[in-house]
Amino acid sequence: MKTKFIYALLLMSVILFTGFSSKNDIGNLHPKYLRCENLIDPLGIDVITPRLSWYSESLQRAQRQTAYKILVASSIEKLNLDKGDLWDSKKISSDQSINIIYTGKKLTSGEQCFWKVKVWDNKGNESEWGKPAKWSMGLLSKMDWGDATWIGLNKATGSDKPDSELTKLSARMLSKQFVTNKKIKRATAYICGLGQFELYFNGQKTGDQVLAPSLSEYPKRSFYMTFDVTKELIDGKNAIGVILGNGRFFAMRHTIPTGMKTYGFPQMIFKLNIEYTDNTTQSIVSDTTWKITVNGPITANNEYDGEVYDARQEIPSWNKPGFDASKWMRVEQVTNPSAKLSAQMIEPIKIMQTLEPKSVKEIRQGVYVYDMGQNMVGWASLKVLAKRGTKIQIRFAETLKPDGGIYTTNLRSATQTDTYITKGGGLEQWEPRFAYHGFRYVELTGYPGKPDLNTIKGKVIYDDIKTTGSFSCSNDIINKIYNAAYWGIRGNYRSIPTDCPQRDERQGWLGDRSMNSYGESFIFDNDKLYTKWMTDISDAQKASGSLPDVAPAYWTIESDNMTWPSSLIIIPDHLYSQFGNLKVIADNYDAMKKWLFYMRDTYMKNYLLPKDQYGDWCMPPENLEVIHSSDPKRITPGDFIGSAYFYYCLNLMGKYAQLLNKNEDTKEFATLADKVKEAINNTYLQKDSLYYANNTVTANALALSFGIPSKEIRSRVFDNLVNVITHVYNNHTSTGLIGGQWIMRTLTDNGRHDLALKIAENTTYPSWGYMIENGATTIWELWNGNTAAPDMNSGNHVMLLGDLMVWYYEDLAGIKSNPANPAFKNIIMKPYPVGNLKFVKANYLSTYGPIKSEWHLNSAQFNWDISIPANTTATIYIPAEKEGDVTESGKQASKTEGVKFVKIEDGRAIYEIGSGSYHFVAKNEKINVN
Ligand code: BGC
């Protein structure tokens with residue numbers, strides 16, 4: 001006893017000592033935030049050569065990693081003894097700390113891998129080992145699923161209405177009992193339940209994910225999830241319960257608003273691997289010994305229409321040991337729905353926040369309307385004390401009617417209604433499992449007595465991805481737009497980026513997110529989500545090479561246009577430049593090339609690609625009541641848009657071919673691109689006035705962004721663009737989904753950041769500020785969303801953000817990854833103190849670590865606080881006329897540690913800096929703060 005105490009004290013002093021030691025945190029780089037496949041401690045991955053990443057923390061200036069050593073072990077004990085029995089990378093001289101490919105022993109199904117890393121820096125220091133991390137392998141081949149088969153109930157029963165337009169199925173509940181009789185070392189459950197599942201062991205839900213698993217292109221692929229359930233199992237009798245909901249597998253509709261595919265009735269595949277301490281194993285699999293019922297409490301579930309839960313039909317202890325399921329039906333063995341079962345390697349959806357309602361009003365007798373104060377995505381949890389059989393209805397909407405009631409017309413056929421029927425006998429708490437809604441307002445009817453602000457809570461759901469950015473500035477409207485973007489973006493992350501969360505769509509429309517994904521990547525760690533979506537798009541490709549307009553292709557819409565599918569080529573470029581993700585390019589290269597050549601072979605005429613469907617979708621119309629403009633002067637011709645995007649895609653493919661060393665392809669893309677550019681200039685350039693197509697802002701912005709005009713005429717084309725913004729649109733936004741992706745940066749790159757700011761801070765129609773002034777808390781689908789027809793008028797569509805978020809971070813804050821040195825290995829920091837902006841503060845957690853840029857103006861003075869992570873460099877542009885005007889922490893900048901003066905150019909003092917925190921002050925008479 002005594003010796004133990006002394007030992008513990010000794011240990012404590014060691015911990016205290018190292019905690020205190022400057023060697024650990026200050027002197028050395030310290031590897032932190034270890035990730036495998038960019039996930040923290042993932043379970044059940046199916047990449048056999050995973051990529052490992054970390055970032056190092058350091059408070060020193062200009063610190064760089066010069067070498068690293070990785071150990072991967074099959075047990076934590078071995079790792080603690082510094083034994084890398086799976087992989088010992090040895091000391092590798094390299095400054096690479098992201099996406100290092102595992103090259104150790106071949107990894108096998110179910111294997112656990114524990115790893116750690118240490119680094120050396122440019123100052124001769126060797127770090128201590130970083131905190132250990134881990135991952136485990138999933139089931140790598142079909143054989144590993146053993147005798148597990150897909151099970152379910154291949155028919156409608158009871159109150160199911162599979163054929164009605166608003167489809168309705170009750171949830172399926174499955175049960176299995178089994179016995180363990182030895183000491184368990186490890187138990188791992190693998191499950192794919194379609195459309196959605198909840199898994200229970202011995203009465204407890206496994207994991208905190210909701211609406212699982214990730215959506216997928218079912219005929220090609222379904223995703224399974226892996227859970228460590230060692231602690232959930234008990235000695236002796238055990239029970240497994242699974243509830244299956246429809247999700248998208250059993251479609252919500254058949255024909256409205258368009259043809260929708262149903263893949264089958266809910267079904268699942270499951271395997272539990274138990275390893276005992278005596279090294280024996282046992283498996284429990286999904287097979288025909290399982291029991292199923294459709295008579296549980298969830299009598300209907302449908303993602304558009306909500307869930308009906310009759311608590312009187314709850315089946316007590318159904319998922320607990322000893323439950324007698326003999327009256328349940330035997331499950332049916334059903335067909336395998338997918339060519340491939342893949343590991344889900346993105347974060348699942350979770351309840352990420354809970355909102356308290358701001359107010360509640362009784363608008364008519366018994367009809368209560370709650371205001372959540374924010375347009376959100378998720379559902380309401382309900383608390384109720386009522387007699388058995390009380391039916392409470394909860395409806396959801398984004399806006400109100402003038403009489404205070406909820407406005408549901410813009411939801412189209414989606415009824416967004418949850419129903420709860422009480423069982424009685426005490427306080428009941430409930431929330432749905434298999435439905436979600438887009439809403440700010442909640443209508444409650446049938447509630448006994450008077451509900452108050454505690455009766456419901458808003459559960460905010462989205463993919464559990466890290467918020468990586470924060471932004472604020474001295475302009476309130478710009479901040480409110482940011483907040484609306486933040487809520488809209490995350491609300492539409494549902495394992496695919498959806499167009500909207502409320503009406504009868506909620507699809508992965510390809511066009512909506514091409515540049516948006518880039519802007520979003522500053523705010524959320526969306527690398528894995530978009531990588532996964534690229535897989536969905538490639539999976540949805542037809543044998544011909546054609547791509548659909550929505551992916552997964554739950555809708556049968558294929559217009560073979562040039563712009564929407566181009567996201568398959570455009571988005572990986574962002575994932576590469578923001579996250580250094582070259583794998584997504586390599587993995588999808590064949591699909592991209594196949595699609596682009598399919599378009600070429602099918603539609604190219606005289607080197608133009610005049611195949612378009614949606615034009616500059618939702619550009620601001622001349623009339624506040626209409627959805628689309630009918631003014632030919634405002635409508636950018638689709639044939640021009642198609643050809644310009646064809647050219648842009650060819651250039652991107654050329655870049656990818658080069659990155660992947662595909663030399664023949666590089667040449668082929670470049671040769672064709674030259675011809676396409678020539679054809680565009682011959683056909684669409686107005687030779688006297690020097691504008692493109694019909695001189696819309698979008699036409700000229702695309703030409704300039706894609707490098708179509710020759711150097712000599714660029715400024716004239718730009719003048720035309722400015723002229724239209726100023727004289728036709730009175731310095732307001734003039735673009736839709738297409739032009740909006742380029743406009744803010746086109747203006748800034750060509751010296752008119754002042755005009756970009758004007759557009760961003762406007763509050764009159766059309767502008768983002770107009771949406772905010774008219775009550776928007778998320779971005780609207782239409783610039784005139786408050787007055788246009790409800791047919792296509794969502795209050796939560798992020799597509800019109802275009803490149804606004806990119807502009808916030810790159811140009812207002814000055815945090816940009818150098819495309820030549822991706823993933824922020826070299827950061828270009830060129831903020832624009834413009835207009836009346838007095839300060840901008842932004843933080844961004846890059847893959848190399850946190851970046852900060854905060855500037856504020858005093859009279860004739862630019863003050864700038866910067867931090868950049870270890871192992872990166874930044875090229876910074878300070879508004880100053882001469883080097884002598886710039887100080888860093890009180891000393892002349894060029895003489896301080898870690899700062900190298902490069903040159904003065906265009907009113908900026910340019911420096912190269914290494915890692916660390918800096919405080920710059922520049923005298924600048926042009927800065928005039930009032
Ligand atoms: C969707 C959009 C989509 C568009 C294309 C709309 O109904 O909501 O986001 O891109 O259709 O037609």
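Modeller: In this predicted model, the second largest pocket holds about 810 Å³ of space. Its lining comprises 25 residues, and those closest to the centre of the pocket are Tyr-518, Arg-745, Asp-749, Lys-816 and Pro-819. Several secondary-structure elements supply at least two residues each to this lining: helix H7 (567-579), helix H9 (638-659), helix H11 (697-705), helix H13 (743-749), helix H16 (804-813) and strand S38 (816-817). Divided by class, the lining of the second largest pocket has ten nonpolar, six polar and nine charged residues.

The largest pocket has a volume of about 970 Å³. It is lined by 37 residues, with Asp-46, Arg-221, Lys-340, Ser-342 and Ala-343 nearest its centre. At least two lining residues come from each of strand S15 (221-228), strand S24 (340-343), helix H6 (527-539) and helix H8 (583-603). Helix H6 gives the most, with seven residues. The classes represented in the lining of the largest pocket are 14 nonpolar, eleven polar and twelve charged residues.

The ligand may be considered next. The residues around the ligand include Asp-499, Arg-503, Glu-505, Trp-509 and Tyr-614, and this shell consists of five nonpolar, one polar and five charged residues. Taken alone, the ligand exposes 310 Å², of which the protein buries 94%.

Conventions. Residues numbered from 1 in each chain as written. Predicted model: local features only at pLDDT ≥ 70, side-chain atom pairs only at ≥ 80, totals over all residues. Heavy atoms only, no water. Near = heavy atom within 4 Å. Areas by Shrake-Rupley, 256 points an atom, 1.4 Å probe, with all protein chains shown as cover. Nonpolar A, V, L, I, M, F, W, Y, C, P; charged D, E, K, R; others polar. 1 Å grid on protein atoms, 1.4 Å probe; cavity = no way out; pocket = protein on both sides within 12 Å on 5 of 7 lines; lining within 4 Å. Points joined across faces, edges and corners; volume = space filled by probe spheres on them. Helix = DSSP H or I, 4+ residues; strand = E, 2+ residues; numbered from the N terminus.
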